[in-house]
Amino acid sequence: GKTEAVLKLMKNSDTPVIVALPTHQLIQQVSERAKKIGIEFITTPDIKFLENIDRKLYSHINSLFTIGAETQVSEYLRTYNKMHKNHQIELYINQIDNLYSYNGHILTTHARLIYMKESLLASRTVIIDEDIIPTILQHNYISIEDFNSILKLFNNDKKVLSFLETIQGHCNSSSEYFSTQPFFNSNEYADTVWKSIRDSGI
């Protein structure tokens with residue numbers, strides 16, 4: 001059906017194709033079928049492996065992706081790996097580097113697609129499998145450690161600090177993460193807060 005049509009397009013297209021799928025599991029399934037019929041392609045790597053290496057690192061990288069700072073992800077991981085020398089992280093960095101020099105088909109996730117550089121998309125046909133809207137309007141989380149860092153940015157702004165402390169009041173103190181979206185999306189101070197988060201590098 002649908003996957004067969006996508007694979008047929010990839011095999012016969014003169015223009016490179018990016019296929020965006022909801023999950024890495026689906027990427028694996030499509031990859032196996034593509035290999036069987038001789039299609040050449042690469043896939044974008046999953047950052048989930050970082051959770052087993054360093055949970056704080058994984059949380060920070062997720063936070064960078066959440067605010068669209070994909071360039072900072074690469075820079076941060078390069079700096080981290082200079083200190084810790086991890087083979088898996090080095091492999092991840094190499095895969096991302098190869099992504100922007102590769103001229104063929106790419107299988108990726110919805111999450112990765114929305115942060116891809118225009119230069120990568122401009123020369124390709126982009127196929128989005130299934131609904132990408134839940135990824136664009138995703139329900140995000142923030143670590144308690146990061147949230148406490150944000151509080152310190154607004155020590156001299158009573159209105160914003162009051163807003164943040166209201167959010168903090170909804171947090172279960174025994175949790176390591178809590179949801180941000182229901183509060184940040186509905187308050188007049190949200191833009192100020194998110195701008196400060198981006199500018200601070202948290």
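This is a predicted model: local features need pLDDT of at least 70, side-chain atom pairs count only at pLDDT 80 or more; totals for chains, interfaces and linings use all residues.
Me: What span should helix α6 have, and how far apart are its end C-alpha atoms?

Reply: Helix α6 covers residues 87–99; at 1.5 Å a residue, its 13 residues should span 18 Å. The end C-alpha atoms are 18 Å apart, which agrees. At the start of α6, a side-chain oxygen of Asn-86 comes to within 2.9 Å of the backbone nitrogen of Gln-88.

Me: How many aromatic pairs does the structure hold, and how is a pair described?

Reply: A pair of aromatic rings is described by the distance of the centres and the angle of the planes. The structure holds 1 aromatic pair. In it, the ring centres of Phe-49 and Tyr-92 are 5.9 Å apart and the planes stand at 45°, so the pair is tilted.

Me: Which parts does the pair tie together?

Reply: Phe-49 belongs to the loop between β2 (41–43) and α3 (50–53), and Tyr-92 to helix α6, so the pair ties together parts that are 43 residues apart in sequence.

Me: Are Phe-49 and Tyr-92 buried or exposed?

Reply: Phe-49 has a relative accessible area of 17% and is buried. Tyr-92, at 4%, is buried too.

Me: What sits over the ring of Tyr-100?

Reply: The charged end of Lys-117 does, 4.9 Å from the centre of the Tyr-100 ring.

Terms used: Residues are numbered from 1 along each chain as its sequence is written. Side-chain values use heavy atoms; hydrogens and water are left out. Helices (H or I, at least four residues) and strands (E, at least two) are DSSP runs, numbered from the N terminus. The expected span of a helix is 1.5 Å times one less than its number of residues. A polar contact is a pair of N or O atoms within 3.5 Å; within protein, one must be able to donate a hydrogen and the other to accept it, and residues adjacent in sequence count only if both atoms are side-chain atoms. Rings of Phe, Tyr and Trp (its six-membered ring) pair if their centres lie within 6.5 Å; planes under 30 degrees apart count as stacked, over 60 as edge-to-face and the rest as tilted. Buried means under 20% relative accessible area, exposed over 50%, partly exposed in between (1.4 Å probe, protein chains only). A charge sits over a ring if NZ of Lys or CZ of Arg is within 6 Å of the ring centre and within 35 degrees of the ring normal.
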